[in-house]
Amino acid sequence: MVIDDEPIVCKRLQSTFQKVGYAVETFTSSASALSRLHEAEFDIIVTDLKMEGADGMQVLATAREISPQTRVIVITGFATMETAKESFHQGAFDFVAKPFKLSDILDCVRRIEARLNGTEASTADSTPSR
Amino acid sequence: MLHALKEIMPFGHGRIRDLPFDVLFKKFKSILERNNSILELMADMGDKMSGEYVFDRQYLVSAVERLSDLVFKLISDLSVLSEHKNKELFLGFARIQHQIQEELAGRHEFPAGALVIPLLMAGRDAEELDGGKMAALAEMHDQLRLPIPDGFVMTTKAFFDFMHHNRLMEVVETGIAQWDGRDESYLRALSEEVQGRILRAEVPHALASQIDTHIHILQEASRSRPLRLALRSSAWGEDGDASFAGQYTSLLNVPAGQVMDAYRRVVAGTYAYEAWHYRLERNYHENEIAMAVGCQIMVDGAVSGVLTTYADDAGQPAMLVTGTWGLGLPLMNGEVGGDTYILDRTPPYAIRSANVVEKPRRLAAASKGGTVWEDVPPEHRRKAALEPQQLLTLAEAAMTIERYYKRPQEIEWVFRFDGQLRILQARPLRPQPSLARASLSVDHAMKQASVIFQGRGLVAQGGVAVGPVVIVKSDADLDAFPHGAILVSKYTTPRFSRVMCKARGIITDVGSPAGHMSTIAREHRVPTVVNTEIATQMLHDGDEITLDATQNVIYRGRISELDHFELTEEMVFEESYEYRLLRRLLKRISHLNLTDPQAANFKASACLTYHDITRFIHEKAIEELIALTERHGGLDFSAPRRLISDIPLGLVVIDAGGGIRGPIDGKDISRDEIESLPLCELLAGIHESGMWCTDPVSVDMGSFMSSFTRTFCTSLAGPHKVGRNLAVILKEYMNLHMRIGYHFNIIDAYMCETINDNYINFRFFGGVTDFTHRSRRARFIREILERFDFRVEIHGDLVVGRIKKISLPRMAHRMRMLGGLIGYTRQLDARLQDDRQIDQHVQCFVHAIQGVIGGKSER
């Protein structure tokens, strides 16, 4: 799931992830994204932090609540130490500052994939792979 | 009273100059630092053009804010240094800032008087003014060098002027406002009324006279008498995402005297019922409609038709060409049948099949204007309309277009009676559903794909390229370069521009994404990765590969699914609003107009971009510093000292801290008293490279003076008389401003153990000789710098090279290299007689400098 209020971010990420075989749903409002989260399961969520309505932190918190096995990557154009710390504190898998290279975000996603497949060495806080 | 007192007093004018030197020097340093930050930020924004990054409007807004802030503070810093209040600079800044804000707000400034524009000068970013269709044609001509019929465009501004002049906008707007959204007969009636009014409306005088002028120009240039023209609609958004195909009007074979009427008819067509209804269904507002009209020389076609670059041939993608005798219009309307040819999408674009039909009649241009049906002579009726050579020409042109727009294309073309091709129109297409299914298998293909290498080097331009590798080592290789191949080479050189329209992709071992070749590759949208270091090692002539430059991966074999995927992606990055906005912003930010400090236009009021301002301030800051140091004479530690050396550089050194060893009295110093690392290394390069000759270089004494270093005069004459050879140094830092004859060299460098702090900024500007020599010299310097991993940009005759974050030893090597380079270039002044000599000199220099910089192992 990709959540960003800028359509171009959604479109570019969608096409990049589709290219490597992911099914992608995009949302420009966190409200519709959240309601969708209640309906379906997502392996990975990529969300912007600053949006109208519910902000990214809330999405992060809700996602952790509803489906704790979903990995969340936080992207933001306003990257600071504080927001980074808070994101990780809230359980984000990774924190990526905008603008970012497409290959970097793909690397991030591949790392998650590796974890999910159990091919990455497990660390103290990893959940059992599916 | 206070003022009069000040006049009498010998000091205490209250002028800023009375601040202590080190305070002012701090300002100078601050100017240099800010200058570097600004250049960094501009380069950073430029990087985003490659497509490798995801960025949104917010990035642009905040980058622009940071930039504006820095530039403003830069001007303020200069104000502290100089005696002028720099009102002109602040005004210039405010003007540029305003333009940038307007761009960000989406308000476009129409260039003044742009009612009619010659088509061959329309250029990019012209869609605003020329509408979709004409802008695309101009782009294909400018960027891709495809042949189009000459002509001019009556712009969208002309449209608005015409409509407002006749109060027609009000009629349209009030008419639509009163529509209930359902009553079709109301809309029909409104459409009739508006069209009628347009046909009777007056063309404003300014527009009419410009149209007449351009018709006259075409008449003069055209061989066919009398002049016949084709008028075509070119609306905003036409041929973009919303396909208005066939909705708007084209008028063929119009005599010059009927152009005004034809113009009205095309404009009226904007409000034809079907077209208007189509727009309203898609929720277009009236203020989003503008109709530019293209007026081109009518091509009386021998053969015309349509080519689709991505059609279904029994489930496989192929090119489909349909052609008929005469004009193409009836083919598209279905009034005549045409031959069909199916071609391979990959070179050599083999003909898979051909279906020749009977072609009994053709549409031709009538002698008095308009078109007329003619019988086709019996011997031609069953003859193939297109020969293999023509099909090849068409195929190459078509794939060039498809690759540029990254979308399947439908192209209208015509061959003249003399055999020459003309492209009439190109529209993006969505591929048919049967082919769309192929995109679902891309991830499967990707999983099976074998990677040759990835993540190496830097992306200059994103995109997918599929094709055979052709290694280019020489000009002969370039001459023989085939259409649709991927160019692989050790170095980058702007000479690749020759094959830019043929190359499907470019991969190099060495080079910079800010370099000239990369800039050209971006303009042509050729997927390009530079500086990989291993491309020529890992790839061989004839290898079939797939380059995904957006993600910087090179795969073995042709992954057609990836190619297809890119063609069918919902959005093309280069067509996105953000990309276009960035490009427009960069025009106001990083484009440099003020290149020559000696030129008449080197003044504050001529600054048109932020880069102009920073360049101007840099020069002024140096001047101020020199003037400053003269005033302070020998009174403090920072007295300017003359460097005594075998090679008369006329260099004056100011030590701001730790740059000079030994006693701080005396006017002269020698090389071994220099502690400043960068200056030490530079001087080593100058003295040990053997590239400096103290004799005046003999040049043609025709119209210019010989260039030789001026001996510095101990009386410290004013900066206007002396070459500005000044080095301001610290232990790890040097800012050098050196003028040798008519060459300006500026080197700003920081060298220490911390890799991240190290950088060199090198600027070279050379004047005097004629333009061709100057540009050869610039190219020579650029090629040398790129070999040493500098990021190089050229702005006219100014060469800017930057490198940063390299180790101390590597910094030292480069400083020495620069020392040799300055000397070598000076000798080169009049000796670069032709382009091939550039290469020879590059080889010669690189070879000769190895001894000084410590050999190849330093890499």
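Predicted model: local features only at pLDDT ≥ 70, side-chain atom pairs only at ≥ 80, totals over all residues.
## Strand β8 and its two partners in chain B

Strand β8 of chain B, residues 316-325, is mostly covered, with 7 of its 10 residues buried. Strand β7 of chain B (residues 303-313) is joined to β8(B) by 9 bridges in an antiparallel arrangement, and Ala311(B) stands opposite Ala318(B) in β8(B). The hairpin formed by β7(B) and β8(B) has 2 residues between the strands, and Ala314(B) in this hairpin takes a positive phi near 50 degrees.

Strand β8(B) is also paired with β9 (residues 339-343) of chain B, through 5 bridges and again in antiparallel fashion. Here Leu320(B) stands opposite Ile342(B) in β9(B).

Arg361(B) lies in strand β11 of chain B, which covers residues 361-365. This residue has 16 other C-beta atoms within 10 Å and is therefore partly exposed; a buried residue would have 20 or more, and an exposed one 12 or fewer.

Leaving aside residues up to four places away in sequence, Arg361(B) touches Val336(B), Trp373(B), Glu374(B), Asp375(B) and Val376(B). One of these, Trp373(B), is 12 residues from Arg361(B) along the chain, and the C-alpha atoms of the two are separated by 6.8 Å.

## Two helices packed in chain B

Two packed helices are described by the angle between their axes and the distance between the axes. For helix α3 (residues 57-81) and helix α4 (residues 87-105) of chain B, the axes come within 11 Å and cross at roughly 175 degrees. Angles over 145 degrees count as roughly antiparallel, and α3(B) and α4(B) are therefore roughly antiparallel to each other.

The contact brings Leu60(B), Val61(B), Val64(B), Ser68(B), Val71(B), Phe72(B) and Ile75(B) of α3(B) together with Leu89(B), Phe90(B), Phe93(B), Gln97(B), Ile100(B) and Leu104(B) of α4(B). The residues of this contact divide into 11 nonpolar and 2 polar, with no charged residue.

## Buried faces of two helices in chain A

An α-helix has 3.6 residues a turn, so residues three or four places apart point the same way. In helix α2 of chain A, residues 30-39, the buried residues are Ser30(A), Ala33(A) and Leu37(A). Viewed down the axis of α2(A), these buried residues fall within an arc of 55 degrees, so they line one face of the helix. The face turned away from that buried side carries the exposed residues Ser35(A), His38(A) and Glu39(A). Against the buried residues of α2(A) pack β1 (2-3), β2 (26-27) and α3 (56-66) of chain A.

Helix α3(A) has Gly56(A), Val59(A), Leu60(A) and Ala63(A) as its buried residues. They cover an arc of only 100 degrees around the axis, which puts them on the same side of α3(A). The elements covering them include β1, α2, β3 (44-48), β4 (71-76) and α4 (81-89) of chain A.

## The contact between chains A and B

The contact between the chains takes 18 residues from chain A and 23 residues from chain B. On the side of chain A that touches chain B, α1 (7-19), β6 (100-101) and α5 (102-116) each supply at least two residues. The largest share, 7 residues, comes from α1(A). By type, the residues on this side of chain A are 8 nonpolar, 4 polar and 6 charged.

Strand pairing also crosses between the chains: 2 bridges join β6(A) to strand β1 (residues 53-54) of chain B, and these strands run antiparallel. Lys101(A) has Tyr53(B) in β1(B) as its bridge partner.

Technical notes. Residues numbered from 1 in each chain as written. Chains lettered and ligands numbered in written order. Contact = placed C-beta atoms within 7 Å. Helix = DSSP H or I, 4+ residues; strand = E, 2+ residues; numbered from the N terminus. Nonpolar A, V, L, I, M, F, W, Y, C, P; charged D, E, K, R; others polar. Pairing = 2+ DSSP bridges. Arc of directions from axis to C-beta. Axes fitted to C-alpha atoms, helices over the stretch in contact; angles between N-to-C directions. Parallel < 35°, antiparallel > 145°, perpendicular 65-115°, else oblique.
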